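Please open the structure in your viewer and keep the selection tool ready. Each stop below says what to select and what is there.

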Amino acid sequence: MQRSFSELVQKCLQNQNQSHHLILRHAHANHVHRISPPKEGESEAWSNLTWALTQGSNRTEIALSEASGVINSGTKPNAYALLHLVRASTNLGLIPFGLQLHSCILRSGFGSNVFVSTALLNFYIRIESLKDAHNVFVEIPEPSVVSWNSLISGYAHAGQFRAALGLFLKLERSDVCADAFSFTAALATCGHLSLLRLGESIHSKIVKSGLEWSVVVANCLVDMYGKCGYAQEAIRVFDSIIDKDIISWNTVISASARNRKLEQAFSYLRQMPEPDTISYNELINGIAQFGNMEDAIQILSSMPSPNSSSWNSIITGYVNRDLSWEALDFFSKMQSKDIEMDRFTFSSILSGIAGLAALKWGVLIHCCTIKCGLDESIVVGSALIDMYSKCGQVKNAEMLFQSLPRKNLVTWNAMISGFAHNGNFTEVIKLFKQLKTARDLKPDGITFLNVLLACSHNQIPLQVAIQYFESMIKDHGIEPTAEHCCSMIRLMGQRGEVWRAERMIYELGFSSCGLVWRSLLGACGACGDLDVAEVAAAKVIELEGHNEFVYVMMSNMYACYGKWGDVSVVRKLMRVRGVRKGAGCSWIEVENVIPALSMME
């Protein structure tokens, strides 16, 4: 039996903090600031309640309670009242009340009201239920530009950038004119997806709309061009901004730094009227990616107000350079200076620990996340799952995965990857099937990459792997990458069908990619196909120059076939070209120390 509005709101409000609860109880007991609808008529009652809902703070909560009683008595609210009821439910996070309000809206016949429905759409976006938000949107007879913008930005904030762009393109084909907010949301998605041509097309539409003089729109253009690797155009747009604000300066510093123009970024920092912490952080991030780490640390130590992001950039820089021990040392310094650590701090350091497979360090960091109350964060939880999986502790990773209250696609992919790298094909497919039925989530290219990896590790029939590969392309519309192609090559090589892999390289359009030819050469080494190996080796040299891997692989293959003359020729070429095989290296954690052992030792 469905509970009344009055019961529902009271239940929701009881779940707020204790001070809110006491104020509500006091209002009901003593009628202090009680908003009682007058008996003269319904419109005046709702006018009073609506006014109270717009006041915010405690008055909003009391008004919600009063409104629930009025609705429960059979009094029909007007559209304006429903609009503010939905907004109040959204702001206070009263999810059950918001859901029941949706039912009330439908029963009252206001589902077609664009203002009420847009408020309801924003409610579903706030609670991250994009499927319901989309369903509300399609039921609006004539959505306004605000309705369109709300859903576009909802998809973008949820990381569903292609869905956001698809909706923007539909807006462009509709009778509704896009506004500045529409364009900024579309530019942000183009930047995330590095879609330069589409970004340029949107820039053209902005000029035609006369919005290029808006500093907000111009800042988004600078950001988009920077993220698409077109730094010169980002700088040109920045130079054209008449009234630059601090976001303009920070965005052009970021665009320069992320495109390796570190001197240019530093020049902008010096020219800034009043640089802030973000200004310095953008420069530190660029230097940590492409410059000298000591320079990044020097800027950190000299900047006015460093924050956790400033330190995080250094840690991430070390991890990305495979200097995880240095990252751990810097993390320790950060802790000793009592710098507040956030979810990105832990995510970065856990990534470094995962690369080292240093389990004891991972457990220590896990304890730190619990102490900071961040262990249930999606970002930290996903990093912990990845770390435990790469340390071989798949059971611990699975327990974490099951315990996380919320999961995104990164979380699912981390767990699927954990099972795949530890050879558990059954669990990979089980989790993959669960993901396909998960609300507001779809498998992506990384998901399928892990599924193909699991097929490779478990000697699954080739035809099964091909079915997953074809499903990725046809059913999910995912374009195969070079990594997908390499996975299929390895699978075909394990079955001795490298001729088929060579044909696939041309069919998928990867004939000019050295990575896939190296993968084919490795597959030939596994199955002993010398003819295809010679073709692959020639292509690698053509595309990537004289690679030690090619010479070593061909020397070994010729030796296997007893072609000692060819072995001698290859080794002579290696000496002439100064190509040497690097010594192998391995490590194992012993008493919290991980000594690296070279094969030369």
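Select Ala218, Leu221, Val222, Tyr225 and Gly226 in α13, then Ala231, Glu233, Ala234, Val237 and Phe238 in α14: these two groups meet, where contact means heavy atoms within 4.5 Å. By class, this contact of α13 with α14 has eight nonpolar residues, one polar and one charged. Here Ala, Val, Leu, Ile, Met, Phe, Trp, Tyr, Cys and Pro count as nonpolar, Asp, Glu, Lys and Arg as charged, and the others, Gly among them, as polar.

The model is predicted: local features need pLDDT of at least 70, side-chain atom pairs count only at pLDDT 80 or more, and totals for chains, interfaces and linings use all residues. Residues are numbered from 1 along each chain as its sequence is written, and side-chain values use heavy atoms, with hydrogens and water left out.

Now show α13 and helix α14 (residues 231-240) whole. Their axes come within 7 Å and cross at roughly 165°. α13 is therefore roughly antiparallel to α14, a label for angles over 145 degrees.

Next, step back to the loop between α12 (196-209) and α13 (215-227), and select Gly210.

Ser214 counts as partly exposed, at 25% relative accessibility.

Move on to helix α29 (residues 482-494) and helix α30 (residues 498-507), which pack at an angle of about 160° with their axes 8 Å apart. α29 and α30 are therefore roughly antiparallel to each other. To see the contact, select Cys485, Met488, Ile489, Met492 and Gly493 of α29 with Val498, Arg500, Ala501, Met504 and Ile505 of α30.

Not counting residues up to four places away in sequence, Ile489 touches Ala501, Met504, Ile505, Val516, Ser519, Leu520 and Ala523. Ile489, Val516 and Leu520 have the most contacts inside the largest nonpolar core, which has 169 residues. Such a core is a set of buried Ala, Val, Leu, Ile, Met, Phe, Trp, Tyr and Cys residues joined through side-chain atoms within 4.5 Å.

Note on methods:
Axes fitted to C-alpha atoms, helices over the stretch in contact; angles between N-to-C directions. Helix = DSSP H or I, 4+ residues; strand = E, 2+ residues; numbered from the N terminus. Parallel < 35°, antiparallel > 145°, perpendicular 65-115°, else oblique. Buried < 20%, exposed > 50% of the residue type's maximum accessible area, 1.4 Å probe, protein only.
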